[in-house]
Amino acid sequence: MKFLALSALLLAASTFAKAPKHHELDESYDFATYVKDFSKNYDSAEYSRREALFKANMKDIMSHNQLLGRTYHKGVNHFTDFADDEGHFGLSKGMTGSWNNVRTLTHDELPFEVEAADKLPASMDWRTEGVVTAVKDQGGCGSCWAFAAAATLESHIAIETGTLFNLAPQEFVSCMPNPEKCGGTGGCAGATVDLAFDYAMKNGGIVQEYQMGYTSYYGEDGDCTIHPDENFLKSTDGPDPDGITGGVANIEDYVKLPTNDYLALLNAIAKTGPVAVSVAASPWKAYESGIFQGEFTTEALDVNHAVTLVGYGTDEATGLDYWLVRNSWKPTWAESGYIRLLRVDPDSLSDPNDICGVDSAPQDGTACEGQTANVTVCGTSAIHYDNVIPVGGHLLV
C-alpha cells in the first residue's frame with residue numbers, strides 16, 4: 001500500500017481554495033499568491049522546497065493545457081506544491097486466506113444479467129436518483145478504502161430501502177483489523193473495500209457519521225468507540241462497554257466482478273448501483289476538468305487508491321465516452337470532487353490489450369503482504385481491474 005499524504009501538509013492546506021481555473025492561469029500566478037489562496041504556512045526551508053515543487057508542477061500544468069487535442073485540463077489545487085510521491089491514497093485490492101470471503105463470480109453467476117452494451121442505457125448517473133451523498137475528504141489518512149466502502153454501501157442501501165444514510169468511514173478506520181496486511185496494515189496505513197464489507201457483515205452493520213464522526217483527517221487511526229465482536233477488534237483490550245452497540249444498516253453479501261471485464265462493470269453500474277473500484281490515481285493530482293486519458297506505462301498503472309464509480313456517459317463537447325468517478329479528495333477538487341475517465345470498450349479495438357498494462361508493484365496497494373507478482377490491469381487508470389459491489393442492503397433500525 002502506497003500512502004504518501006503527510007498530516008503536516010494537510011494542516012497547511014485550506015479547505016477553501018480561491019485559485020484561478022485553468023482558463024485564468026498564466027505565468028504571473030506565483031507561489032506567494034498560491035500560498036495565500038490555499039492558506040498554507042511553511043517555515044523558510046520548507047517554503048523554498050515547496051516553491052520549487054510548485055514551479056515544476058506549474059510548468060507541467062501550463063504545458064499540458066497548451067497541447068492540441070487534449071481532452072482534459074490540468075489546474076491548480078491543494079496538490080500543486082506536492083512531490084510526485086505525495087498524495088491522498090491508501091488502498092487496495094486483493095484479499096487472500098481465511099479473510100477472503102468475497103465471491104468472485106463468472107458472467108453466469110453474477111447477481112445481474114450481463115447484456116451487450118447497446119442493450120443498456122446510453123448514460124447513467126446515480127446522483128440523479130437521490131442515492132449518493134456529498135463528496136467527503138479523507139485528509140491526511142490513507143483511508144480511501146473506508147470512504148469508498150462507506151459511499152458504496154450508502155448508495156446500495158438507499159437503492160434497496162429508500163433511506164440514504166451518511167455512514168461512518170471512521171468505524172472502519174478505527175475498528176477494522178487487517179491481519180494479513182491487505183492494501184496496507186490497517187487504519188490510516190491502508191486496507192481494502194472487501195475487508196470493510198466483510199467487517200460490516202460480521203459486526204452488526206455500520207453506524208452513522210453522526211454516531212462516530214471522522215477524526216482521522218490528520219493521520220491518526222483514532223479509538224474504536226463502538227462495541228462489535230471483541231474477537232474482531234484491533235485492540236486486545238476488548239470492546240468499550242460504553243460504546244455504540246449496533247449499526248443502522250447492513251448488507252447480506254458482496255461480490256467481486258470478473259477481473260478486467262469491461263462489460264460486467266458497465267452492466268453492474270447500469271443495473272445495480274455504484275461500484276467500489278481500485279485505480280491508479282497518482283496521475284490525477286493535477287486534473288481539473290474534462291475527460292482524463294491516462295497512459296498505460298508501468299509508472300502510470302500503480303494501483304493505489306479506492307474510489308466509487310457512480311455512472312457513465314458520453315461527453316457532449318468531445319463525443320468521448322467516460323466513467324464518472326467519485327473521489328475522496330474534498331468537493332473543491334476537480335469537477336466538484338469527481339473525475340471523468342475515458343471509457344473504451346475493448347471490443348471496439350483491433351487489439352483489446354491496447355488499454356491494458358502491468359502493475360509491477362502490487363505491494364504498493366493492490367496485494368496482501370508477500371504478494372509481489374506483476375498483475376495485468378486494464379482500462380483508464382486500471383479501472384476495469386478490481387471492482388466489488390455489495391448485495392442485499394437492509395435497515396437495522
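Phe 197 is buried, as its relative accessible area is 0% (buried means under 20% relative accessible area, exposed over 50%, partly exposed in between, with a 1.4 Å probe and protein chains only). This is a predicted model, where local features need pLDDT of at least 70, side-chain atom pairs count only at pLDDT 80 or more, and totals for chains, interfaces and linings use all residues. Residues are numbered from 1 along each chain as its sequence is written, and side-chain values use heavy atoms, leaving out hydrogens and water.

**Aromatic pairs**
- The structure holds 19 aromatic pairs (rings of Phe, Tyr and Trp, the last by its six-membered ring, with centres within 6.5 Å; planes under 30 degrees apart are stacked, over 60 edge-to-face, the rest tilted).
- Tyr 72 and Phe 292 form a tilted pair, with ring centres 4.8 Å apart and planes at 50°.
- This pair links distant parts of the chain, with Tyr 72 in strand β1 and Phe 292 in strand β7, 220 residues apart (strands are DSSP runs of E, at least two residues, numbered from the N terminus).
- Tyr 72 is buried at 8% relative accessible area, and Phe 292 is buried at 2%.

**Strand β7**
- All 6 of the 6 residues in β7 (residues 287–292) are buried.
- Strand β1 (residues 72–74) runs antiparallel to β7, joined by 3 bridges (strands pair if DSSP finds at least two bridges between them).
- Strand β10 (residues 338–342) runs parallel to β7, joined by 2 bridges.
- Phe 292 stands opposite Leu 341 in β10.

Definitions and conventions:
Helix = DSSP H or I, 4+ residues; strand = E, 2+ residues; numbered from the N terminus.
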